[in-house]
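Open the model in a viewer and keep the selection panel at hand. The stops below go from a whole chain to one of its elements and then to an interface.

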Amino acid sequence: MTKDRAASLLFLLTGFYGFFFSVQLPMGRWNEPGPGVFPITLSGLLLLSGAAWFIRGKRRAGETAEGEKAGWYAIVRNFSTPIKIVVLTALLILAFNRVGYLVGSSLYLFALLFWVSRYRLIYSIGIAVVIGVGSWYFFAKVLAVQLPAGLLSF
Amino acid sequence: MDVFGNLASGFQTALTLQNVYLCFIGCLWGTMVGVLPGIGPLAGITLLIPVTFGLDATGAIIMLAGIYYGAMYGGSTTSILMNVPGESASVVTCLDGYQMTLKGRGGAALFIAAWGSWVGGTLSIVGLMVLAPTLANFAMKFGPPEMFSVLLIAFILLGSLGSGSFFRTMPMVFLGLLIGTIGMDPLTGSLRFTHNVTDLYDGIGLLPVAMGAMGIGEILIATEESLLRVIHKVKLRELWPTRDELRASWAPIFRGSGIGFVIGLLPGSAHILSSFVSYMAEKRLAKRPEEFGRGRIEGVAGPESANNAATGSAMIPFLSLGIPTGPAPAVMMIALLIHGITPGPLFISKHPDVFWGLIASMYIGNVMLIVLNLPLVGIFISLLRIPFRILFPVILLICLVGTYSVNTSTFELGVLLSFGVLGYFIRKIKYDMAPLILATIIGPTMELSLRQSLMRSDGSFSIFWESPITMTLIAVSILLLVWNVYRGLRPTKASWEKALEEGK
């Protein structure tokens, strides 16, 4: 799949989504345009752009050299680190209010340092605790940012 | 009050101990994010937004603007010494700057880059100081049709001048405008794309969108790359350029400042474009253009002056019209909105202390940056020794706290992560995220002005031909649109040759 074709899928999907939900909105009249007019126009333009890039992407796939393709093998090979980061961040977000900032951020940092950055266990624990506690003090005490207490009472 | 009187009161505001400190912090952080590859000025600004919550609006904008222009100074350092652009506007500086380092003239290149940045930055502040109030006064006459026309031409210019092609940029603009429609319709109160999620009733949070798309997206990409860092050391005495180098630099510095100032007014990646245009202009004017790319001082002086001049002029449309022309001014606009201040035609008259305080702080900041970037260059370079595998978890944590602290909402953290993933995907397929962010921010104003215009004209589009301003803007927009469509669709020389060969 070419990069342009990947982009076209994004435009087509969002275009269809926008179109499907825009038609359910009131369109109004020319002298009083309703809330659906602007989104439906944009959805139409997105669908048009998506279709154009889909066709163009197909033509280009046959025409161009290997190097111009999306390089899915390279993407999958490089994908492991970003996906680990996304999964860990999603877990932190889900648990943020329950476990609180201090515990949550320290565990998050530990997981990133140990699993993604591949630091040794003892280093990962040390750095995570120092940065976790330090950042909590800076944000909660110095900048007075409201952070969830969670498991701890502070 | 005249310009000088206003400026004097601005200096009174900017020279308070707190604001000098904030300006210094902004410039310092800006230089740091400029030096560190993988963190641009945009990520640098978004990361410090939470820090501004406890400050007044003047202090907040002084600090954030310091990051913006400070990053332009810092970006040249790694370009010259390591052949690694600290931020995108310094890509061109690598060409001749690094070659000068290899020849043992890296110190002189750093000096000229800093000096050019100072001249470009200072001249653009003079322009900002004179032009912004004039433009704001003019824009006060704007009604919804004029505002719609200005925004229309801004988006078409964004498509024409952005880092991608017109046909690649415009879908990103449409996507951003569509995202901007999420939430309650301001005219009728209808809910759009909210799916009964109460967090979306007020629209999608601009900060998580910008911070996710640019900050998290940038980090996800950066974790894929490993940089081979070869640092050339520069001694203080090597900073002084020779008389010939100084003589060769002054004209490119002034030309670059002019080019940067004009291009900075246009929407798109102005600071990147300005440095490229300046480099091309210097190459074209040179007696021996073949020497460019082999260590010509003009190849450093012009682009570095241009990208700094562009940062000052990019503030003009943002402060006087409320139209950010790039992602960094857009994020600064979000910060001002969080502080209850809306940039636009009334901004300067309603908040003169903020505007003139900012202008004065920019003069002060430019002087601070000269000091930070010349004698202390070694300290900034040593920042590159901090392993990125420690740095990125800290940056991620700051992004999360920054987003959470606005509304103490974990939903917004979800938006942050989703836009981070989207930003990563968009970068992978070589599209530009900046138009999407700009469109998300400006989109609601554009829709509102279009609908208000049609309501005022009883549904007639002729309202856009009634005033000379709208007529000119719409006509130029149509011409630009036609030109871009023609340019994108016309057969290229290569395709003609291929067709002819197939026909043989």
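Select chain B and colour by burial: of its 504 residues, 58% count as buried. The model is predicted. Switch to the C-alpha trace, which spans about 75 × 70 × 50 Å along the principal axes of chain B. In cartoon view, chain B shows 21 helices and two strands. Its radius of gyration is 23 Å, close to the 23 Å that the globule rule gives for 504 residues, so chain B is as compact as a globular protein of that length. If you draw the contacts in chain B with a separation of 6 or more, 79% of them join residues 24 or more positions apart.

Next, select residues 327–338 of chain B, which form helix 13. The end C-alpha atoms of this helix are 17 Å apart, in agreement with the 16 Å that its 12 residues should span at 1.5 Å a residue. Of these 12 residues, 10 are buried, so helix 13 is largely enclosed by the rest of the structure. The buried residues include P327(B), M332(B), M333(B) and L336(B). Show what they pack against: helix 3 (41–48), helix 4 (57–82), helix 9 (206–222), helix 12 (298–320) and helix 19 of chain B. Step just past the end of helix 13 to G340(B), where phi is positive, about 80°.

Now bring chain A into view. Which parts of chain B touch it? In total, 43 residues of chain B are in contact with 48 residues of chain A. On the chain B side, helix 8 (166–180), helix 17 (388–407), helix 18 (410–428) and helix 19 (434–456) each supply at least two residues. Helix 17 gives the largest share, eight residues. Coloured by type, this side of chain B divides into 24 nonpolar, 10 polar and nine charged residues.

Terms used:
Residues are numbered from 1 along each chain as its sequence is written. Chains are lettered from A and ligands numbered from 1 in the order in which they are written. This is a predicted model: local features need pLDDT of at least 70, side-chain atom pairs count only at pLDDT 80 or more; totals for chains, interfaces and linings use all residues. Two residues are in contact if their C-beta atoms, placed from the backbone, lie within 7 Å. Helices (H or I, at least four residues) and strands (E, at least two) are DSSP runs, numbered from the N terminus. Ala, Val, Leu, Ile, Met, Phe, Trp, Tyr, Cys and Pro count as nonpolar, Asp, Glu, Lys and Arg as charged, and the others, Gly among them, as polar. The radius of gyration is taken over C-alpha atoms; the globule rule is 2.2 Å times the number of residues to the power 0.38. A residue is buried if 20 or more other C-beta atoms lie within 10 Å of its own, exposed if 12 or fewer, and partly exposed in between; C-beta atoms are placed from the backbone. The expected span of a helix is 1.5 Å times one less than its number of residues.
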